[in-house]
Amino acid sequence: PILPFNFLPLNGYAFFAQRLMSILLIFVSAFLVHKISRSFFSGKISLGISLFFLTTYSYGQPSILWPSIPAQTSLLILTYSILRFFQNDKQKYLLIASISSVMIIGSRIQIGIAAVFATFILLQISKVKKSSWIYVVYVSTLLLAYALLLSTRGYLKFAFFDSLVFPFEYLDRSQSNWTLPRTSITTAAIFYSLLVLLLKFGKNKKFIKAIAFSNISFALVLLYAFYSDLQFFYFLFSRIYVAIILFFISLLLFYLFKTLREKMILTLQERALFMYGLVGSIQLFPLFDAFHGWYASAPLITTFPLILKTIKFFQNLTRSKVDKFLFLNLSLLVIFFSLQTFNAYLSDSQPFSFEQVKGVRLSESQLEDFRKEFAFYHSNIPQGSKVLNLCPNADPFFERAYFTSASRYLVFWPSFDRAEFLNDAILNSDYITSCVQVDRLNSNSARLLKTNFNLMSKGSELQSWGTSWEIYQRNEK
């Protein structure tokens, strides 16, 4: 997704351009969610789904174009194109589906591979089986063209290493810090319980009023948390949103299992929607956070009302009751998720004060932290030095014209520790900035660092990820 920016003279507006592209892709995705939903639902329900999608993204986050955003948009393009292809069998939609498949592979290769397999299977079970092999030819040709483009820019070997070699050969699961989201799983189980109770006691007006009262009470608790303890509010937001996505995924899996057991007949369009919903949900693993939950939300969220339509209780509801139910819950969702979305714009902000970075605004406290950090780097490291950054925070390179990175990777995660390039980067560095404990590196890397570098300075007041910044200087021999 970053490749187009290499062809543009941005003159310091790279972060701004990435942010603009992110917002653009988000609204394109919302439009596609609406178009996909209209293939199955009325206008009101489709609008509600796209509104839920739009209001659950945190627009106030840092200006970084995460590959998951274009991967999500491309998956929605693929979903819409295949649905349209099944409707009228026009080859242009198959070509668009092929292009979007390659775009997914270029952004998130594991999602792309799953999407290609899902598309091939769907085309195989359609009336035009030969279109599956035409799709394979299209994808193969476009992948070759994409590889040639990367090769001309000198990116092909790096793309191959980053997408395939590095994650499968070097990432050590024993060093990763992900765990099962127990809070979100428990909350998803509560959602299941509420759905079961609704199906059992849904005709009881007192029960319906109790659910409505509970929703409103919970919304008031969130409002209180938002204004009294913002950190607790974000914790609630993250856990609840992940729980919602886990609930959608598990409900979809349960429904598919039920269709197989009871030999229910699904239309080709329904099969496509369900399969792409599962493909997109892969983005949630392994971090299980709100960001990746949102990346996994589409086209998954369109499957939820489609499953509810098959339940007798919801089939018997009058249109006015459905409208009231949707209005109440969507209103609460909009309030809840909009709070975290627009919080970043409630405080005063100022433009970032470096010529190389334009169009970025930060709060006064954030700007002050940056000033202290850059003063620390500049007072200890000469301009033009080769610097290796051993920290998940890439702040030393935010002012890119000052330092040269000794590694292609501007950040460091503990799971990078097994990679051979780390030792080469250590030997190629003049200075090392670090916010990790050196003793936690693998023995070979720690030995290289201690043998060739001395601790030069420590920013006791400057911390990242709970550890003070340190600067190491190469020994003079």
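In the predicted model, Lys263 lies in the loop that joins helix 10 to helix 11 (268-281). Its phi is near 55°, a positive value in a residue other than glycine. Lys263 has a relative accessibility of 73% and therefore counts as exposed, the cut-off for that class being over 50%.

A positive phi is also found at Asp89, which is not a glycine; the value there is about 60°. Asp89 is placed in the loop between helix 3 (68-88) and helix 4 (91-107). With a relative accessible area of 39%, Asp89 is classed as partly exposed, because this value falls between the limits of 20% and 50%.

Another loop, between helix 12 (290-295) and helix 13 (303-308), contains Pro299. The peptide bond leading from Ala298 into Pro299 is cis, and its omega is near 5°.

Helix 10 itself spans residues 230-261 and includes Ser250. The relative accessible area of Ser250 is 26%, so the residue is partly exposed. Ser250 and Ala189 are 61 residues apart along the chain, and a distance of 9.8 Å separates their C-alpha atoms.

The packing of helix 5 (residues 109-124) with helix 6 (residues 130-152) was examined next. Their axes come within 7 Å and cross at roughly 155°. Since angles over 145 degrees count as roughly antiparallel, helix 5 and helix 6 are therefore assigned to that class. The crossing of helix 5 past helix 6 is right-handed. On the side of helix 5, the contact is formed by Ala115, Val116, Thr119, Phe120, Leu123 and Gln124. Helix 6 contributes Ser131, Ser132, Trp133, Tyr135 and Val136.

Over the whole protein, the secondary structure amounts to 18 helices and 7 strands. The protein has 477 residues, of which 45% are buried. Among contacts with a separation of 6 or more, 67% involve residues 24 or more positions apart.

Key. Residues are numbered from 1 along each chain as its sequence is written. This is a predicted model: local features need pLDDT of at least 70, side-chain atom pairs count only at pLDDT 80 or more; totals for chains, interfaces and linings use all residues. Side-chain values use heavy atoms; hydrogens and water are left out. Helices (H or I, at least four residues) and strands (E, at least two) are DSSP runs, numbered from the N terminus. Buried means under 20% relative accessible area, exposed over 50%, partly exposed in between (1.4 Å probe, protein chains only). Contact means heavy atoms within 4.5 Å. Axes are lines fitted to C-alpha atoms, for helices over the stretch in contact, and angles run from 0 to 180 degrees between N-to-C directions. Angles under 35 degrees count as roughly parallel, over 145 as roughly antiparallel, 65 to 115 as roughly perpendicular and the rest as oblique. A crossing is left-handed if the near helix is turned anticlockwise from the far one by less than a right angle, and right-handed if clockwise.
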